[in-house]
Amino acid sequence: SGMQARIDQNTHFRIASNTKTFTSAAITLLDQQGKLHIDNTIVSLIPGQGVPYVPNTAQYNIPNKASITIRQLLSHTAGVFDVTNDPIPSTCPAPYAGLDYNSYILATDPNHQFSPDEFAGVNATCQTSYFAPGTSYHYSNTGYSILATIIERVSGMPYDQFVTQNLITPNGLSSTSVPMLATDRIPAPFNHGYVYDEGVMTDRTDENVSQAIAEGNIISTPVDIARWVKRLLRGEAGPNSSSVEAMKTMTPQSGNIYGLGIFYVSGLGYGHNGVRPGYMSLMMYDPGVDVTTILYFNVLDFANLGKDQPALEIKAARDARAAVGY
């Protein structure tokens, strides 16, 4: 519904959490180059730099900081509270206690420039976390925000520049971009994205995605993400075969479904999904049969958003594969 005419494989849309595969690839590439060590804690010193991976500031005084590793951030096993997905605990000594942090900020300033430092700062203020690092699994966008800070401090480049120079350009992803500014908009040609809620359809195409840096801000096209997920899983995108094996290794804490910025679905292979207001997508590559499956919707149904949303994407993707004989 709401799909404009002439929508094709080169139409731009917001890939949301599929962005995490780019962030994980960036980290594994830096690890491969010896510029970071994935099993270091985030307070360890960056190799050859004499400064820690995250700033030694009050903003980064998050719970369990000294025992969180980079690998745990990638695999959502660090216990970092997800500021953008969960309501702030009512016990937090801040005016946004009990509220959705993004909504609280955007209500007074729709063009607020969010930053990874800011989200870390919320967790430092609230002193909230899910569990001791390494003991369980809880999906965390904020964990990936911290990875953006690490990529920038290790590489000396802004997140968008590092990802573009090392992953997007070398892989020929000519329609993929990394918006970082609150005022950035989706390039043409694009598909409008809608939210359907209680009988009302709202256009959510132009949104401030500065709150999603490194966890959900990338814009791409079906043809580009198909090329990306296949090249990544084949060890052709930058991360070498041993890096890719590490990414594909599912953690026991996740119930063996999530690795390092990648998950596994029986019958579809490896990849990720993305859900944000206006867009839902799934990109999977099955190395056994060399089949890539890309799925995207431009309407998000809020009433049905929840535990069954990934299941809906997976069922649709399996049906699509079956329809073409796989």
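Reply: Asp290 has a relative accessibility of 38% and so counts as partly exposed, a label for values between buried, which is under 20% relative accessible area, and exposed, which is over 50%, with a 1.4 Å probe and protein chains only. This is a predicted model, in which local features need pLDDT of at least 70 and side-chain atom pairs count only at pLDDT 80 or more, while totals for chains, interfaces and linings use all residues. Residues are numbered from 1 along each chain as its sequence is written, and side-chain values use heavy atoms, with hydrogens and water left out.

Asp290 is found in the loop between strand 7 (279-286) and strand 8 (291-297); strands (E, at least two residues) and helices (H or I, at least four) are DSSP runs, numbered from the N terminus. The backbone here deserves attention, for Asp290 has a positive phi of about 60° although it is not a glycine. Most residues other than glycine have a negative phi.

The side chain of Asp290 takes part in salt bridges with Lys230 and with Arg234. A salt bridge is a side-chain nitrogen of Lys or Arg within 4 Å of a carboxyl oxygen of Asp or Glu, and side chains of opposite charge can pair when their charged atoms come close.

Taking Lys230 to begin with, the closest N and O atoms of Asp290 and Lys230 are 3.3 Å apart. Because Asp290 lies in the loop between strand 7 and strand 8 while Lys230 belongs to helix 7 (residues 222-233), this pair ties together parts that are 60 residues apart in sequence. Lys230, with a relative accessible area of 27%, is partly exposed.

Turning to Arg234, its side chain meets that of Asp290 in a salt bridge with an N to O distance of 3.5 Å. This pair too links distant parts of the chain, since Arg234 sits in the loop between helix 7 and helix 8 (241-248), 56 residues from Asp290. Arg234 is partly exposed, with a relative accessible area of 41%. Salt bridges that share partners join Asp290, Lys230 and Arg234 with Arg231 and Glu236 into one network.
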